[in-house]
Amino acid sequence: MQVLARYLQKLPGQTRAVAETCLYSLAAGAVTVAFQLGMNWLYRSGLVRLSHQSITTFLIGSFAVIVTSSLLVGWLLNSFCREAAGSGIPQLKLAFWKEFGAVPWRVAWVKFAAGVLSIGGGSSLGREGPSVQLAGAVASNLAGLGGAAKQTRRAPAAAGAAAGLAAAFNTPLAATTFVLEEIIGDLNSRFLGGVLLAAVLGALVVHGVIGRQPSFTLKEVDTPTWLGYALTPVVAGLASVVGVYFQRASLGLRRRMKNSRVPAWLLPAAGAIITWALGAAVFAETHRLGVFSLGYDDLSQALAGDLGWQLAALLLGAKFIATFTCYGFGGCGGIFSPTLFFG
């Protein structure tokens, strides 16, 4: 790394800035893809494999997986880095403004390990927010290894965050807008060029490793009917109400748990047990795993029109409670994927 840093120092200022942005973005994209592959492997090896066994085997095995993983998450967060809890976006934004973009290395490795265990183990949380914090932390530390002073790490952190979100969700334009609005807070920021380049490179990494695989699989969309047009604002309004109440419930529970007498390392297990109870009940009734982890398989079927409204309502209620308890009890994961599920 020091050799590469010395080489970059010989480049003209503008060329060096572009080269460094490319380096940070590719590293952030790579760690985000590894994060996604790790949690998917754990989820498929654990809950999905158990779902093909008898119901008794699934109930016992899934309980062991989700409780063990959540206890490990609680130990990691409370022993090494509490800043890695939750989605990580508020923490990265705070580091961007208060610490000039400098993020401790422990945030990166704890977020990676705890996120894989939490989401891959079945807790009802999302991976997009953690990917943003993880990628921003990796880019910030990579800049530090290259000799960048603490006061100059805002650009690497912003580039890493954009590359991470683009790699996590395969959406470079959305990643650019998100980082400018949510992390930087200025759509006309001087970081625009670097953030846009980073988002494109992050998407390039996920295309190169995983391929052109969309997050959701949709059937061919028919021509909308007048009834569909009429119901669209109704559906949008109802989805917004669910999102607002979820936000209030999860943040309120999280605030109360900070003053709880229960040991902090045990709290993620409480959310995991509630998730298991709801997810196991839904699985026993419908043979669907949507309450656990990301729930993308059932969400894709809902978007394709393959879920009846009764089943969709059941999954909505169970997923809502599971997610706000997992997040409220201090688990390691975000809420972006679950809110898509709610909608």
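This is a predicted model: local features need pLDDT of at least 70, side-chain atom pairs count only at pLDDT 80 or more; totals for chains, interfaces and linings use all residues.
Visitor: What span should helix H11 have, and how far apart are its end C-alpha atoms?

Guide: Helix H11 covers residues 267-286, and at 1.5 Å a residue its 20 residues should span 28 Å, which agrees with the 29 Å between its end C-alpha atoms.

Visitor: Which residues of H11 are buried?

Guide: The buried residues of H11 include Leu 267, Pro 268 and Ala 269 at one end of the list, and Val 282 and Phe 283 at the other, with Thr 275 and Trp 276 also among them.

Visitor: Changing topic, how many salt bridges does the structure hold?

Guide: The structure holds 4 salt bridges, and one of them joins the side chains of Asp 297 and Arg 44, at 3.2 Å from N to O. Asp 297 lies in helix H12 (residues 296-303) and Arg 44 in helix H2 (residues 13-51), so this pair ties together parts that are 253 residues apart in sequence.

Visitor: How accessible are Asp 297 and Arg 44?

Guide: Asp 297 is partly exposed, with a relative accessible area of 43%, and Arg 44 is partly exposed as well, with a relative accessible area of 41%.

Visitor: Which side chain does Arg 288 meet in a salt bridge?

Guide: Arg 288 meets Asp 298, at 3.2 Å from N to O. This pair links distant parts of the chain, with Arg 288 in the loop between H11 and H12, and Asp 298 in helix H12, 10 residues apart.

Visitor: Are Arg 288 and Asp 298 buried or exposed?

Guide: Both Arg 288 and Asp 298 are buried.

Visitor: What about Glu 83, which side chain does it meet?

Guide: The side chain of Glu 83 meets that of Arg 106 in a salt bridge, at 3.9 Å from N to O. Here too the pair links distant parts of the chain, since Glu 83 is in the loop between H3 and helix H4 (89-98), while Arg 106 is in helix H5, 23 residues apart. Glu 83 counts as partly exposed at 37% relative accessibility, and Arg 106 counts as partly exposed at 36%.

Visitor: Which residues form the nonpolar patch on the surface?

Guide: Leu 72, Trp 75, Phe 80, Trp 105 and Trp 109 form it, with about 530 Å² of accessible area together. Helix H3 (55-79) and helix H5 (105-120) are the elements that give two or more residues to this patch. Leu 72 lies in helix H3 and counts as partly exposed, at 37% relative accessibility.

Visitor: Last topic, how much space lies in the largest pocket?

Guide: About 1,100 Å³ of space lies in the largest pocket, which is lined by 40 residues, with Ala 85, Gly 86, Ser 87, Arg 254 and Tyr 327 nearest its centre. Helix H10 (residues 226-258) gives the largest share of that lining, 7 residues.

Conventions:
Residues are numbered from 1 along each chain as its sequence is written. Side-chain values use heavy atoms; hydrogens and water are left out. Patches are made of residues with over 30% relative accessible area and no salt bridge: like charges are joined within 9 Å, nonpolar side chains (Val, Leu, Ile, Met, Phe, Trp, Tyr) within 5 Å. Accessible areas come from the Shrake-Rupley method with a 1.4 Å probe; for residues, only the protein chains shown count as cover. Helices (H or I, at least four residues) and strands (E, at least two) are DSSP runs, numbered from the N terminus. Buried means under 20% relative accessible area, exposed over 50%, partly exposed in between (1.4 Å probe, protein chains only). The expected span of a helix is 1.5 Å times one less than its number of residues. On a 1 Å grid over the protein atoms alone, a cavity is a set of points where a 1.4 Å probe fits but cannot get out, and a pocket is an open set with protein on both sides within 12 Å along at least five of seven lines; lining residues have an atom within 4 Å of a point. Grid points are joined across faces, edges and corners, and a volume is the space filled by probe spheres set on the points.
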